[in-house]
Amino acid sequence: RGTPAARQQVNDFNMDDNNAMSGVFWPRFYQVISAANAAIAGAESLSVSENVINPIIAEARFLRAFSYFHLVRNFGEIPYIDYFITNPEAVKTINKTPVAEIYNGIIADFEYGKQWLPDKHGTNDTRSRATKGTAASYLATVYLTLADYQKAYNEAKWVIDNKDQFGYRLEADFQDLYRAEIADNIKETIFTVD
């Protein structure tokens, strides 16, 4: 609780309109969403097999869902845009979307990721790219947020049962999670933003 009041409000999901942090992460998340929508539209326009293109789309959809998940938990009803905007004038007609509809989109994107993302990425990856395990872990978190405990349990259990497939394990020393010099080798991390 020693952090600034603005950060405490964010952590408690209790921000008011005077919180300066919302002016920082609101536009950033919508930049990520816009880039993800552009990537999805571009990928869908290519004539390649689904085994090649769907993992790319899944990574973009994961990032879109990740962004919306953080936005909806902090702000409730927000504009939900799941398509690439080609005409800037169209933005004028976008309204808030009901929370339930936003969560349906988030769940659909994470489920797509669970289906199409790889189990692992390259050996030098620091968990900054989503995998099937990442998508399922976030699905569990979404279901916890929605108080759907059975689905949360099912997703979390699936990740635990397949931990070797994803290269996950609990670290023997909890303090290792905070040692920057070994961060790239920690197996407990599900997803990071480098």
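Predicted model: local features only at pLDDT ≥ 70, side-chain atom pairs only at ≥ 80, totals over all residues.
Student: How many aromatic pairs does a search of the whole structure find?

Tutor: The search finds 19 aromatic pairs. One of them joins Phe 25 and Phe 75, whose ring centres are 6.0 Å apart with 45° between the planes, a tilted arrangement.

Student: Where in the chain do Phe 25 and Phe 75 sit?

Tutor: Phe 25 belongs to helix α2 (residues 22-44) and Phe 75 to helix α3 (residues 50-75). The two are 50 residues apart, and the pair links distant parts of the chain.

Student: Is Phe 25 buried or exposed?

Tutor: Phe 25 counts as buried because its relative accessibility is 15%, under the 20% cut-off. Phe 75, at 29%, counts as partly exposed.

Student: Which aromatic cluster includes Phe 25 and Phe 75?

Tutor: Both belong to one cluster that also contains Trp 26, Phe 29, Tyr 30, Phe 62, Phe 66, Tyr 68, Tyr 80, Phe 110, Tyr 138 and Phe 191.

Student: Turning to Trp 158, what does it pair with?

Tutor: Trp 158 pairs with Phe 166; this pair is also tilted, at 5.4 Å centre to centre and 50° between the planes. Trp 158 is partly exposed, with a relative accessible area of 27%, whereas Phe 166 is buried at 2%.

Student: Which residue lies over the face of Trp 158?

Tutor: Lys 114 does, at 4.4 Å from the ring centre.

Student: And what sits over the ring of Phe 69?

Tutor: The charged end of Arg 73 is placed over that ring, 4.2 Å from its centre.

Notes: Residues numbered from 1 in each chain as written. Heavy atoms only, no water. Phe/Tyr/Trp six-rings, centres within 6.5 Å; stacked < 30°, edge-to-face > 60°. Helix = DSSP H or I, 4+ residues; strand = E, 2+ residues; numbered from the N terminus. Buried < 20%, exposed > 50% of the residue type's maximum accessible area, 1.4 Å probe, protein only. Lys NZ or Arg CZ within 6 Å of the ring centre and 35° of its normal.
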